[in-house]
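Reader: I've got a model open and I'd like to learn how to read it feature by feature. Can we go through it together?

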Amino acid sequence: MSDSIKHECGLAFIRLKQPVAYYYERYGTALYGFNKLFLLMEKQHNRGQDGAGIGCCKLDMPLGQPYLFRARNSKRESLSRVIQDQLQAYERLKKNRKSGMDPDDPESVKHHFDFGGEVLMGHLRYGTSGGFGRGSCHPHLRRSNWPTKSLMVLGNFNMTNAADLNHHLINRGQHPVFGTDTQTVLEEIGFHLDEQHDEIYRKKRDQGVDGTLIPEAISEELDITKILRTCGEIWDGGYAITGVVGNGDGFVFRDPNGIRPCHYYEDDELIAFASERVPLMTTFDAETSDIHELPPGHVAVMKNSGGFDIEPFTAPRVETPCSFERIYFSRGNDPDIYRERKALGAALVPQILDSIDNNLEDTIVSFVPNTAEIAYQGVMSGLRMHRRDEVKHELMKAVAAGTLDETSIDDLVLRNWPRGEKIAHKDIKLRTFISQEDGRDQLVSHVYDVTYDVIKPHHNLVVVDDSIVRGTTLRKSILKILARTNPKKIVIASTAPQIRYPDCYGIDMSELGKFIAFQAAIELLRRTGQQSVIVDTYHACIDELKKPVAEMENRVKGIYAPFSPEEISEEISRMVYPVEIPWKGEVEVIYQGIHNLHASIPHHNGDWYFTGDFPTPGGYQVVNTAFVNFYEKRDGRAYDVWF
């Protein structure tokens, strides 16, 4: 994705099954769980760089000793910082004889080092709601002097109905403080946790159970699944959330549509969860078959006593896993994702051939950014297959006609084969620098550099991109610098369809006016004298927002209805043309078709940002609100309204 789009978050959860001493004896360290948590987070570093946080719960701690810990950081390189801070704290404990910690005694390490416990969790954050300071980083914590009322949660999620959830708390009599859906989720779970705790407490008290034995009885009877069934009734969004109660009961649950990803691994030593499959494979040296997907609408509960169960907590819904996970966000070394991205590239071949008039001999194929390389390999494979079939057909004709000779073989076999080159190079350090500068437009055009003297004036240059969201980098940087190579034509081929609608389930694509496809449709309406469609759509969205959420429809589809996808692509090509430079070549932007998207990614079929068909009622509220915000010239995300 050439545009800088913030997206998703990453979660990690580890529950050690054995005493800490077991890992010290087998692996030579009492920090086995902590080290594995760091590795599991580092292998998901692609999922968030706005902040990082870790949490720990220690099982069976003596009375008077703390048992819940967290550390968070929102500075640059936050993951390294938060881990290094704890390792430095550990080293200080080792060197300070007065600390009481014996590094050769695993139980001593557990008691003195904050993150030496059996339940560990971590989070990598991209901020789609709330602020960007340390206070907005996960995990969020709710303390009590009762372990079975203390709670810590983190997750990869976005609730579309955050405002309603806050009102739900207020109407109950609570006083929500933080303006994020994370705090709302924490308080909702916490409220029902309190209620269940108090119910069990009163029952045991009335039965005459000794007060010192009641905490253990509450811990045994605590039913996390029951709590989440109640909470899930009012949640609308995409989510993969993990948490731990102070008594050590851990849990991980996933939205009923399966929008946000979640996988797990289990062996005799531990249970681990992560947002992606490959980090689990790498961290625990596991095979693909060892990693399992947490089913949508299910919760995995790990009791402090060691029990592990996965049960549904919501009614089943149509599964719509996020397709952007496969197109761009998740690591491409996952075997299935690798195959799917190659298939997405290959699916573009007919459009590419049409764009270059089947003239492969005078065409060079490349990619931008580096994440598009796998799709580029798919394009090259598809082009080679196409050319092979062409050659085979022509050879068969020549054989049948008796005209096959050395000259015809040279002409048929040795020409018009696809040629790939590395043309665009991204300057990572420059991109990092200018992302923090306010007046950066003059620097943006230098984020990419090119390989010179490869492209000739008679060449077509085809560049494969994962997706084109805003078109800002394409317009201000990529096309300007590609034009320096002076090709006859530049073709930008997007493996994703046109992004027409906001995402409200975790990807930071929420403002309609910033989408290049939306801008193109608006410009076409104005240029063709159909401005009334814009006004009518605004009033239609206002009317929709007066309805109950469950009855709303997507009225923004009316903006695109008068035009074919090809007409919008043609307008986008015109809009991104680098008019500021003397180059006079042609630019064409082509997009993946919806049918090809589904054929290439058959299971992860969540496509609301392309089609406008949202998987939850809250999505329709967000899309209509987003258009109202655009029309009324209000900036901000359509779901960032709290009270």
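**Sheets, a helix and rings**

Author: Let's start with a strand pair: strand 8 and strand 12 pair in the antiparallel sense, over four bridges. Before going on, note that this is a predicted model, where local features need pLDDT of at least 70 and side-chain atom pairs count only at pLDDT 80 or more, while totals for chains, interfaces and linings use all residues. Residues are numbered from 1 along each chain as its sequence is written, and side-chain values use heavy atoms, with hydrogens and water left out.

Reader: What counts as a strand, and what counts as a pair?

Author: The general idea is that strands of a sheet pair through backbone hydrogen bonds, either parallel or antiparallel. Helices (H or I, at least four residues) and strands (E, at least two) are DSSP runs, numbered from the N terminus. Two strands pair if DSSP finds at least two bridges between them. For instance, Val252 stands opposite Ala300 in strand 12, and Gly250 stands opposite Met302 in strand 12.

Reader: Which strand does strand 12 join through five bridges?

Author: That's strand 13 (residues 308-312), and the two run antiparallel. Val299 has Glu311 in strand 13 as its bridge partner. Strands 12 and 13 form a hairpin with five residues between them, and Gly306 in the turn has a positive phi of about 115°. Strand 12 (residues 298-302) is mostly covered, with four of its five residues buried (buried means under 20% relative accessible area, exposed over 50%, partly exposed in between, using a 1.4 Å probe and protein chains only).

Reader: In what order do the six strands of the open sheet come?

Author: The order is 5-6-7-8-12-13, with antiparallel pairing. Strand 5 (140-142) and strand 13 are the edge strands, each pairing on one side only. From one strand to the next, the twist averages 15°. Helix 6 (residues 181-206) packs on the sheet and touches strand 5, strand 6 (151-159), strand 7 and strand 8; its direction makes about 130° with that of strand 6. Contact here means heavy atoms within 4.5 Å. Axes are lines fitted to C-alpha atoms, for helices over the stretch in contact, and angles run from 0 to 180 degrees between N-to-C directions.

Reader: Which sheet has parallel pairing?

Author: An open sheet of five strands, in the order 15-14-18-19-20. Its edge strands are strand 15 (419-420) and strand 20 (586-591), each pairing on one side only. Strand 14 (residues 363-367) pairs with strand 15 in the parallel sense over two bridges, and Val365 has Gly420 as its bridge partner in strand 15. Helix 17 (residues 472-483) lies across strand 18 (460-465), strand 19 (489-494) and strand 20, running at about 135° to strand 19.

Reader: How do I read a helix, say helix 13?

Author: An α-helix has 3.6 residues a turn, so residues three or four places apart point the same way. Helix 13 (residues 373-401) has 29 residues and reaches 42 Å from its first C-alpha to its last, close to the 42 Å expected at 1.5 Å a residue (the expected span is 1.5 Å times one less than the number of residues). Its buried residues include Ile374, Gly378, Met380, Arg387 and Val391. Among the elements covering the buried residues of helix 13 are helix 11 (335-347), strand 14 and strand 18. Just after helix 13, Gly402 takes a positive phi of about 70°.

Reader: How many disulfides are there?

Author: A disulfide is a covalent bond between the sulfur atoms of two cysteines. Counting pairs of cysteine sulfur atoms within 2.5 Å, the total comes to zero disulfides. Cys231 is in no disulfide, and the nearest cysteine sulfur, that of Cys262, is 18 Å away. The sulfur of Cys504 is 11 Å from the closest cysteine sulfur, in Cys322, too far for a bond.

Reader: And how many aromatic pairs?

Author: A pair of aromatic rings is described by the distance of the centres and the angle of the planes. Rings of Phe, Tyr and Trp (its six-membered ring) pair if their centres lie within 6.5 Å; planes under 30 degrees apart count as stacked, over 60 as edge-to-face and the rest as tilted. The count comes to 34 aromatic pairs. Trp235 and Phe253 are stacked, at 5.6 Å centre to centre and 5° between the planes.
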